Amino acid sequence: MTGSEASPSFRLAYVPGVTPSKWVRIWNERLPDVPLTLLQVSAAEAAGVLRDGGADAGFLRLPVDRTDLSAIPLYTETTVVVIPKDHVMAAVEEVSAAELADEIVLHPLDDTLDWERPPGRPAFERPATTADAVELVAAGIGLLAVPQSLARLHHRKDLTYRPLSDVPESRVALSWPEEKTTDLVEDFIGIVRGRTVNSSRGRAQPQPERKDKRPEAGGARRKPAAGKTAGKATGKSPRGGAGGAGKSARGASSGGAKGAKRGKPRRRS
(Lines give C-alpha, C1' and ligand atoms only; values in the text may rest on other atoms or scores of the structure.)
Protein backbone atom coordinates (compact mmCIF):
# COMPACT_ATOMS: atom_id res chain seq x y z
CA MET A 1 0.00 0.00 0.00
CA THR A 2 1.40 3.35 -1.01
CA GLY A 3 1.47 6.44 1.15
CA SER A 4 -1.24 8.15 -0.93
CA GLU A 5 -3.53 5.16 -0.43
CA ALA A 6 -2.86 5.14 3.31
CA SER A 7 -3.47 8.88 3.72
CA PRO A 8 -5.56 10.26 0.84
CA SER A 9 -5.48 13.98 0.17
CA PHE A 10 -6.65 16.35 -2.54
CA ARG A 11 -4.65 19.24 -4.04
CA LEU A 12 -6.58 22.05 -5.66
CA ALA A 13 -4.89 24.77 -7.73
CA TYR A 14 -6.55 28.09 -8.52
CA VAL A 15 -5.62 31.22 -10.43
CA PRO A 16 -5.83 34.79 -9.05
CA GLY A 17 -9.36 36.15 -9.00
CA VAL A 18 -11.02 32.78 -8.36
CA THR A 19 -12.48 32.27 -4.87
CA PRO A 20 -12.80 28.52 -4.15
CA SER A 21 -13.85 28.90 -0.49
CA LYS A 22 -17.48 27.75 -0.87
CA TRP A 23 -16.45 24.53 -2.64
CA VAL A 24 -13.72 23.88 -0.09
CA ARG A 25 -16.26 24.28 2.73
CA ILE A 26 -18.59 21.69 1.16
CA TRP A 27 -15.63 19.34 0.64
CA ASN A 28 -14.68 19.56 4.32
CA GLU A 29 -18.27 18.79 5.31
CA ARG A 30 -18.60 15.75 3.04
CA LEU A 31 -15.06 14.38 3.21
CA PRO A 32 -13.68 15.43 6.60
CA ASP A 33 -11.09 12.62 6.55
CA VAL A 34 -9.55 13.78 3.25
CA PRO A 35 -7.61 17.04 3.69
CA LEU A 36 -7.81 19.54 0.80
CA THR A 37 -4.74 21.64 0.08
CA LEU A 38 -5.05 24.91 -1.86
CA LEU A 39 -2.33 26.00 -4.25
CA GLN A 40 -2.46 29.46 -5.85
CA VAL A 41 -0.76 29.57 -9.25
CA SER A 42 -0.49 32.14 -12.01
CA ALA A 43 -2.80 31.89 -15.02
CA ALA A 44 0.16 31.07 -17.26
CA GLU A 45 1.42 28.14 -15.19
CA ALA A 46 -1.93 26.60 -14.14
CA ALA A 47 -2.17 24.05 -16.97
CA GLY A 48 1.46 23.00 -16.49
CA VAL A 49 0.92 22.37 -12.78
CA LEU A 50 -1.93 19.97 -13.61
CA ARG A 51 0.07 18.16 -16.28
CA ASP A 52 3.09 17.78 -14.00
CA GLY A 53 1.01 16.30 -11.18
CA GLY A 54 1.40 19.30 -8.89
CA ALA A 55 -2.35 19.37 -8.31
CA ASP A 56 -5.23 16.93 -8.76
CA ALA A 57 -7.54 19.58 -10.23
CA GLY A 58 -7.62 23.32 -10.60
CA PHE A 59 -9.62 26.42 -11.45
CA LEU A 60 -8.05 28.10 -14.47
CA ARG A 61 -8.96 30.49 -17.25
CA LEU A 62 -9.86 29.28 -20.73
CA PRO A 63 -8.69 28.59 -23.34
CA VAL A 64 -6.76 25.46 -22.40
CA ASP A 65 -5.35 22.68 -24.57
CA ARG A 66 -7.82 19.81 -24.08
CA THR A 67 -5.59 17.21 -25.67
CA ASP A 68 -4.77 15.82 -22.23
CA LEU A 69 -6.80 18.05 -19.90
CA SER A 70 -10.52 17.88 -19.26
CA ALA A 71 -12.33 21.14 -18.53
CA ILE A 72 -15.80 22.11 -17.34
CA PRO A 73 -16.61 25.79 -18.05
CA LEU A 74 -18.20 27.33 -14.95
CA TYR A 75 -18.85 31.02 -15.56
CA THR A 76 -17.88 34.04 -17.65
CA GLU A 77 -16.55 37.23 -16.07
CA THR A 78 -17.32 40.80 -17.04
CA THR A 79 -14.34 42.70 -18.43
CA VAL A 80 -13.72 46.11 -16.84
CA VAL A 81 -11.35 49.01 -17.37
CA VAL A 82 -9.39 50.15 -14.31
CA ILE A 83 -9.09 53.94 -14.13
CA PRO A 84 -8.11 56.64 -11.58
CA LYS A 85 -11.07 57.93 -9.57
CA ASP A 86 -10.63 61.42 -11.01
CA HIS A 87 -10.60 60.19 -14.63
CA VAL A 88 -13.31 61.55 -16.96
CA MET A 89 -14.60 58.00 -17.58
CA ALA A 90 -15.44 57.63 -13.90
CA ALA A 91 -18.56 59.73 -14.59
CA VAL A 92 -20.12 57.11 -16.91
CA GLU A 93 -21.63 53.70 -16.13
CA GLU A 94 -20.03 51.79 -19.02
CA VAL A 95 -17.16 52.30 -21.45
CA SER A 96 -16.83 50.92 -24.98
CA ALA A 97 -13.60 49.74 -26.55
CA ALA A 98 -13.85 52.53 -29.13
CA GLU A 99 -13.74 55.14 -26.36
CA LEU A 100 -10.27 53.91 -25.39
CA ALA A 101 -8.80 54.70 -28.80
CA ASP A 102 -6.83 57.72 -27.57
CA GLU A 103 -5.88 56.21 -24.21
CA ILE A 104 -2.75 54.26 -23.32
CA VAL A 105 -4.01 50.81 -22.33
CA LEU A 106 -1.52 48.64 -20.47
CA HIS A 107 -1.12 45.03 -21.58
CA PRO A 108 0.72 43.03 -18.87
CA LEU A 109 2.61 39.86 -19.72
CA ASP A 110 0.29 37.80 -17.50
CA ASP A 111 -2.84 39.16 -19.24
CA THR A 112 -5.74 36.69 -19.07
CA LEU A 113 -7.90 38.05 -21.91
CA ASP A 114 -7.63 36.43 -25.32
CA TRP A 115 -7.11 39.61 -27.32
CA GLU A 116 -7.01 39.67 -31.08
CA ARG A 117 -5.86 43.25 -30.74
CA PRO A 118 -5.91 45.11 -27.39
CA PRO A 119 -7.82 48.43 -27.44
CA GLY A 120 -6.20 51.84 -27.11
CA ARG A 121 -2.60 52.81 -27.69
CA PRO A 122 0.15 50.46 -26.47
CA ALA A 123 2.53 51.52 -23.74
CA PHE A 124 6.25 51.81 -24.43
CA GLU A 125 6.85 48.63 -22.42
CA ARG A 126 4.54 45.85 -21.23
CA PRO A 127 4.33 45.47 -17.41
CA ALA A 128 5.45 42.10 -16.09
CA THR A 129 2.32 41.46 -14.00
CA THR A 130 -1.21 42.71 -13.51
CA ALA A 131 -0.19 44.02 -10.10
CA ASP A 132 2.55 46.11 -11.74
CA ALA A 133 0.04 47.44 -14.27
CA VAL A 134 -2.31 48.52 -11.49
CA GLU A 135 0.51 50.52 -9.93
CA LEU A 136 1.08 52.25 -13.27
CA VAL A 137 -2.61 53.12 -13.53
CA ALA A 138 -2.41 54.71 -10.09
CA ALA A 139 0.59 56.70 -11.28
CA GLY A 140 -1.43 58.06 -14.21
CA ILE A 141 0.57 56.28 -16.90
CA GLY A 142 -2.30 54.38 -18.52
CA LEU A 143 -5.48 52.34 -18.11
CA LEU A 144 -5.93 48.60 -17.69
CA ALA A 145 -8.53 46.12 -19.00
CA VAL A 146 -8.97 43.01 -16.81
CA PRO A 147 -11.63 40.56 -15.63
CA GLN A 148 -13.71 42.10 -12.84
CA SER A 149 -12.41 39.67 -10.20
CA LEU A 150 -8.84 40.88 -10.81
CA ALA A 151 -9.93 44.51 -10.49
CA ARG A 152 -11.41 43.62 -7.11
CA LEU A 153 -8.35 41.62 -6.11
CA HIS A 154 -6.04 44.60 -6.78
CA HIS A 155 -8.43 47.22 -5.40
CA ARG A 156 -6.97 50.57 -4.37
CA LYS A 157 -8.73 53.54 -2.79
CA ASP A 158 -7.52 55.88 -5.52
CA LEU A 159 -8.75 53.65 -8.36
CA THR A 160 -12.12 52.49 -9.65
CA TYR A 161 -13.36 50.50 -12.64
CA ARG A 162 -16.18 50.48 -15.19
CA PRO A 163 -17.63 47.67 -17.35
CA LEU A 164 -15.96 47.54 -20.76
CA SER A 165 -18.04 46.50 -23.80
CA ASP A 166 -17.06 45.09 -27.20
CA VAL A 167 -14.05 43.21 -25.78
CA PRO A 168 -13.23 39.57 -24.96
CA GLU A 169 -14.39 38.10 -21.64
CA SER A 170 -12.62 35.63 -19.39
CA ARG A 171 -14.12 32.18 -18.79
CA VAL A 172 -13.25 30.21 -15.65
CA ALA A 173 -13.24 26.41 -15.76
CA LEU A 174 -12.52 23.43 -13.53
CA SER A 175 -9.79 21.33 -15.15
CA TRP A 176 -7.88 18.14 -14.40
CA PRO A 177 -5.67 15.59 -16.24
CA GLU A 178 -8.01 13.37 -18.24
CA GLU A 179 -6.05 10.19 -17.49
CA LYS A 180 -6.18 10.90 -13.75
CA THR A 181 -9.93 11.16 -13.21
CA THR A 182 -9.87 9.58 -9.75
CA ASP A 183 -12.75 9.07 -7.32
CA LEU A 184 -11.66 12.19 -5.45
CA VAL A 185 -11.72 14.21 -8.66
CA GLU A 186 -15.24 12.90 -9.34
CA ASP A 187 -16.25 13.89 -5.81
CA PHE A 188 -15.02 17.44 -6.37
CA ILE A 189 -16.73 17.65 -9.77
CA GLY A 190 -19.98 16.70 -8.06
CA ILE A 191 -19.51 19.45 -5.48
CA VAL A 192 -18.78 22.11 -8.10
CA ARG A 193 -21.79 21.04 -10.16
CA GLY A 194 -24.05 21.21 -7.13
CA ARG A 195 -24.82 17.51 -6.82
CA THR A 196 -26.19 16.23 -3.54
CA VAL A 197 -24.33 13.64 -1.47
CA ASN A 198 -26.36 10.71 -2.83
CA SER A 199 -26.12 11.81 -6.48
CA SER A 200 -22.40 12.60 -6.45
CA ARG A 201 -20.23 10.42 -8.65
CA GLY A 202 -17.23 8.54 -7.38
CA ARG A 203 -17.53 6.32 -4.36
CA ALA A 204 -20.96 4.79 -3.84
CA GLN A 205 -23.05 6.38 -1.15
CA PRO A 206 -25.05 4.13 1.25
CA GLN A 207 -28.77 4.20 0.62
CA PRO A 208 -30.96 5.05 3.63
CA GLU A 209 -33.14 2.20 4.94
CA ARG A 210 -36.83 2.58 4.19
CA LYS A 211 -39.04 2.81 7.25
CA ASP A 212 -42.37 2.03 5.57
CA LYS A 213 -41.67 -1.58 4.68
CA ARG A 214 -44.46 -3.45 2.93
CA PRO A 215 -45.54 -6.81 4.39
CA GLU A 216 -44.00 -9.79 2.69
CA ALA A 217 -46.10 -12.23 0.68
CA GLY A 218 -48.12 -14.50 2.95
CA GLY A 219 -47.99 -12.02 5.83
CA ALA A 220 -50.90 -10.65 7.81
CA ARG A 221 -53.40 -8.72 5.75
CA ARG A 222 -55.31 -5.64 6.79
CA LYS A 223 -58.71 -6.51 8.27
CA PRO A 224 -61.82 -4.83 6.84
CA ALA A 225 -63.46 -2.11 8.93
CA ALA A 226 -66.18 -3.18 11.36
CA GLY A 227 -69.63 -3.43 9.76
CA LYS A 228 -68.23 -3.84 6.26
CA THR A 229 -67.85 -7.05 4.32
CA ALA A 230 -65.47 -7.83 1.53
CA GLY A 231 -68.37 -8.13 -0.88
CA LYS A 232 -69.76 -4.72 0.00
CA ALA A 233 -66.37 -3.08 -0.25
CA THR A 234 -65.66 -4.47 -3.70
CA GLY A 235 -69.14 -4.72 -5.18
CA LYS A 236 -68.65 -8.50 -5.53
CA SER A 237 -69.89 -11.44 -3.54
CA PRO A 238 -67.42 -13.32 -1.36
CA ARG A 239 -67.53 -16.15 -3.91
CA GLY A 240 -66.43 -13.83 -6.69
CA GLY A 241 -69.82 -13.41 -8.45
CA ALA A 242 -70.64 -9.79 -9.29
CA GLY A 243 -73.89 -8.62 -7.75
CA GLY A 244 -74.22 -11.83 -5.71
CA ALA A 245 -75.69 -10.03 -2.73
CA GLY A 246 -78.43 -8.55 -4.94
CA LYS A 247 -79.38 -11.97 -6.32
CA SER A 248 -79.71 -13.42 -2.79
CA ALA A 249 -81.97 -10.58 -1.79
CA ARG A 250 -84.18 -11.08 -4.86
CA GLY A 251 -84.27 -14.81 -4.21
CA ALA A 252 -85.39 -14.30 -0.64
CA SER A 253 -88.10 -11.84 -1.75
CA SER A 254 -89.37 -14.25 -4.42
CA GLY A 255 -89.46 -17.16 -2.00
CA GLY A 256 -91.41 -15.10 0.50
CA ALA A 257 -94.02 -14.17 -2.13
CA LYS A 258 -94.62 -17.82 -3.05
CA GLY A 259 -95.03 -18.73 0.59
CA ALA A 260 -97.64 -16.02 1.05
CA LYS A 261 -99.61 -17.34 -1.99
CA ARG A 262 -99.76 -20.86 -0.60
CA GLY A 263 -101.20 -19.58 2.66
CA LYS A 264 -104.03 -17.53 1.01
CA PRO A 265 -107.54 -18.77 2.13
CA ARG A 266 -109.98 -20.14 -0.49
CA ARG A 267 -113.23 -18.38 -1.39
CA ARG A 268 -116.42 -19.81 0.00
CA SER A 269 -118.89 -21.12 -2.52
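Good morning. The model is predicted: local features need pLDDT of at least 70, side-chain atom pairs count only at pLDDT 80 or more, and totals for chains, interfaces and linings use all residues. Residues are numbered from 1 along each chain as its sequence is written, and side-chain values use heavy atoms, with hydrogens and water left out.

Five strands make an open sheet, order 6-9-5-8-7, with mixed pairing. Helices (H or I, at least four residues) and strands (E, at least two) are DSSP runs, numbered from the N terminus. Two strands pair if DSSP finds at least two bridges between them. At the edges sit strand 6 (95-96) and strand 7 (105-106), each pairing on one side only. Strand 7 runs parallel to strand 8 (residues 143-147), joined by two bridges. Leu106 faces Leu144 of strand 8 there.

Now helix 4, residues 130-138. Helix 4 lies across strand 5 (79-84), strand 7, strand 8 and strand 9 (159-165), at about 140° to strand 8. Axes are lines fitted to C-alpha atoms, for helices over the stretch in contact, and angles run from 0 to 180 degrees between N-to-C directions. Contact means heavy atoms within 4.5 Å.

Next, the cores. A nonpolar core is a set of buried Ala, Val, Leu, Ile, Met, Phe, Trp, Tyr and Cys residues joined through side-chain atoms within 4.5 Å. Buried means under 20% relative accessible area, exposed over 50%, partly exposed in between (1.4 Å probe, protein chains only). The largest core has 36 residues; Phe10, Trp27 and Phe188 are among those with the most contacts inside it. Several elements supply at least two residues each, including strand 1 (10-14), helix 2 (21-30) and helix 6 (183-192). Helix 6 gives the largest share, six residues.

What does Trp27 touch? Beyond four places in sequence, its partners include Phe10, Pro32, Leu184, Phe188 and Ile191. A second, separate core has 14 residues, among them Leu100, Trp115, Leu164 and Val167.

Thr112 lies between strand 7 and helix 4. Is Thr112 buried or exposed? Buried, at 15% relative accessible area. Leaving aside neighbours within four places, Thr112 contacts Ala43, Arg61, Pro147, Leu150 and Ser170.

Pro63 is in the loop between strand 3 and strand 4. The Leu62 to Pro63 peptide bond is cis, omega near 5°.

Asp166 is in the loop between strand 9 and strand 10. Asp166 is not a glycine, yet has a positive phi of about 65°. Asp166 counts as exposed, at 67% relative accessibility.
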